[in-house]
Amino acid sequence: MRARTILALAVGGAIALTAVAAPAGQAATAPPTGTTVGGGLLASTGVVVEPRRGAPPLPSPATLPAAAWMVTNLTTGQVLAAKDPHGRFLPASTLKTLTAATLLPRLNPRASFRATDTDERVDGTRVGLVAGMRYSIAKLFTCMLVMSANDAADALAQANGGIKRTVGQMNEMARRLQADDTHADTPSGLDGPGETTSAYDLALIAQADFAMPAFRRYVQTVRSRVPAPHHRHFMIYTHNDLLTTYHGDIGGKNGYTVAARATYVGAATRHGQTILVTLLRADPIWWPMARDLLNWGFRANGKVAPVGTLVQPLPAPAATARTRTVSRSLGRTDRASQNAADTSARTDRSHPWVAIVIAVIAGVVVVALVAWAVRRRRRRRWYRPRLKLPRS
């Protein structure tokens, strides 16, 4: 009987060890082919909202001259209302939010970069980088996110190893965020072949951005000094009109090109809830639309049924030596989060070998215990008395 008990315990222990060794379930998985990311209601090309009793009405269509928009509770990940959320449009400078999500974890903010003639001559909005001058990476991020400087975006891409390399990494980042409507062709958002995004994708990218303290710090900057030749400086100011006029605004990014028209992604926080608004192909005066949708989002939160959710990023690939080197050079808060990500990646990478070792050990233990139990039982049978002696 004891042998059977030991055998059962051995088998149970082996099963438990195998369960521990099995890979844990992923926090996020890619949706099945043919499904709409974020929920089926978001496949609509019109306005989608599910009001409950007491819900405020949406702003009238006449006050929302935009081809696509979305209102999301960034705290809960619930989509409160949307219009054509997966429609694909040109992003203009809102694409710089994807540039930030890609490069903030990779570049040392205390390092510097020497601007080139190519950076100086880029089209569109420029901060005025001077070829041959050195600028800190932190200052280049400030210029890109505060005043939407295309020359700063290109300089950051060059500091990362080149524009082609950076654009490739941006598209990899979009796939990992499950922003499948997004394709980058430039780091700045200047119109490029096949360049697209959607109102839903901009919210996914913003979800990743606002999780980084460095991004929040940059987009909440109202003004900053930029170095100029001959030891001079000049001031730059935010292009986000809501940052200084809307109560609770925590920053965002707007953009404009003739082909894309106005675009915007930004958020505000009140009473512990953060509401995010995205706009695509809107009229040039975009801030009244963003303000009205933010106001509606705060009033409607909890009074409308969610029409979708923001999905979580897919698992990050294993950390490379370059990523680990960069993580050591980040600021204290960002470095801690990056090191945690690297540790998780290294654990995931080594997990199959750990599982194999544990399984082998479990097997050896089971075989040894079974052999011991069988041998003990045979010995007890061998020495069992053949005759019963009478009791005295």
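Mentor: Helices (H or I, at least four residues) and strands (E, at least two) are DSSP runs, numbered from the N terminus. The model is predicted, and local features need pLDDT of at least 70, side-chain atom pairs count only at pLDDT 80 or more, while totals for chains, interfaces and linings use all residues. Residues are numbered from 1 along each chain as its sequence is written, and side-chain values use heavy atoms, with hydrogens and water left out.

Trainee: In which loop does His231 lie, given its positive phi of about 60 degrees?

Mentor: His231 is not a glycine, yet its phi is positive, at about 60 degrees. In the chain, His231 belongs to the loop between strand S6 (223–228) and strand S7 (232–237).

Trainee: What relative accessibility does His271 have?

Mentor: His271 is placed in the loop between S9 and S10, which are the strands of residues 261–270 and 273–282. Its phi is near 55 degrees, a positive value in a residue other than glycine. His271 counts as exposed, with a relative accessibility of 82%.

Trainee: Which residues does His247 touch, not counting residues up to four places away in sequence?

Mentor: His247 sits in the loop between S7 and S8, and its relative accessible area of 60% makes this residue exposed. Between the C-alpha atoms of His247 and Thr269 there are 8.4 Å in space, although the two residues are 22 apart in sequence. When contact is taken as heavy atoms within 4.5 Å, and residues up to four places away in sequence are not counted, His247 touches Ala268 and Arg270.

Trainee: Is Gly252 buried or exposed?

Mentor: Gly252 has its place in strand S8 (residues 249–257). Not counting residues up to four places away in sequence, Gly252 touches Val219, Asn240, Val265 and Gly266. A relative accessible area of 6% therefore classes Gly252 as buried.

Trainee: What distance separates the C-alpha atoms of Gly252 and Phe210?

Mentor: Phe210 counts as buried, at 9% relative accessibility, and Gly252 is also buried, at 6%. The two residues lie 42 apart along the chain. Their C-alpha atoms are separated by 9.4 Å.

Trainee: How many degrees lie between the ring planes of Phe210 and Phe215?

Mentor: Rings of Phe, Tyr and Trp (its six-membered ring) pair if their centres lie within 6.5 Å, with planes under 30 degrees apart counted as stacked, over 60 as edge-to-face and the rest as tilted. A search of the whole structure finds four aromatic pairs, and one of them joins Phe210 and Phe215, with 5.3 Å from centre to centre. Phe215 is buried, having a relative accessible area of 2%. The Phe210 and Phe215 pair is edge-to-face, with an angle between the planes of 85 degrees.

Trainee: Why does the pair of Tyr264 and Trp286 count as stacked?

Mentor: The ring centres of Tyr264 and Trp286 are 4.4 Å apart, and both residues are buried. The pair is stacked because the planes of the two rings stand at 20 degrees.

Trainee: How many residues apart in sequence are the parts that this pair ties together?

Mentor: Ring pairs link Tyr264, Trp286 and Trp287 into a cluster. Tyr264 lies in strand S9, whereas Trp286 lies in the loop between strand S10 and helix H9 (287–300). The Tyr264 and Trp286 pair therefore ties together parts whose separation in sequence is 22 residues.

Trainee: How many of the residues of helix H5 are buried?

Mentor: Helix H5 (residues 150–159) is mostly covered, and its buried residues are Asn150, Asp151, Ala152, Ala153, Asp154, Ala155, Leu156 and Ala157. What covers them includes helix H2 (96–103), strand S4 (112–114), helix H3 (117–120), H4 and helix H6 (163–176). Just after H5, Gly161 takes a positive phi of about 115 degrees. Of the 10 residues in H5, the number that are buried is eight.

Trainee: For the protein chain, what percentage of contacts between residues at least 6 apart in sequence join residues at least 24 apart?

Mentor: The protein chain has 11 helices and 12 strands, and buried residues make up 44% of its 392 residues. Among contacts between residues at least 6 apart in sequence, the share that joins residues at least 24 apart is 66%.

Note on methods
Buried means under 20% relative accessible area, exposed over 50%, partly exposed in between (1.4 Å probe, protein chains only).
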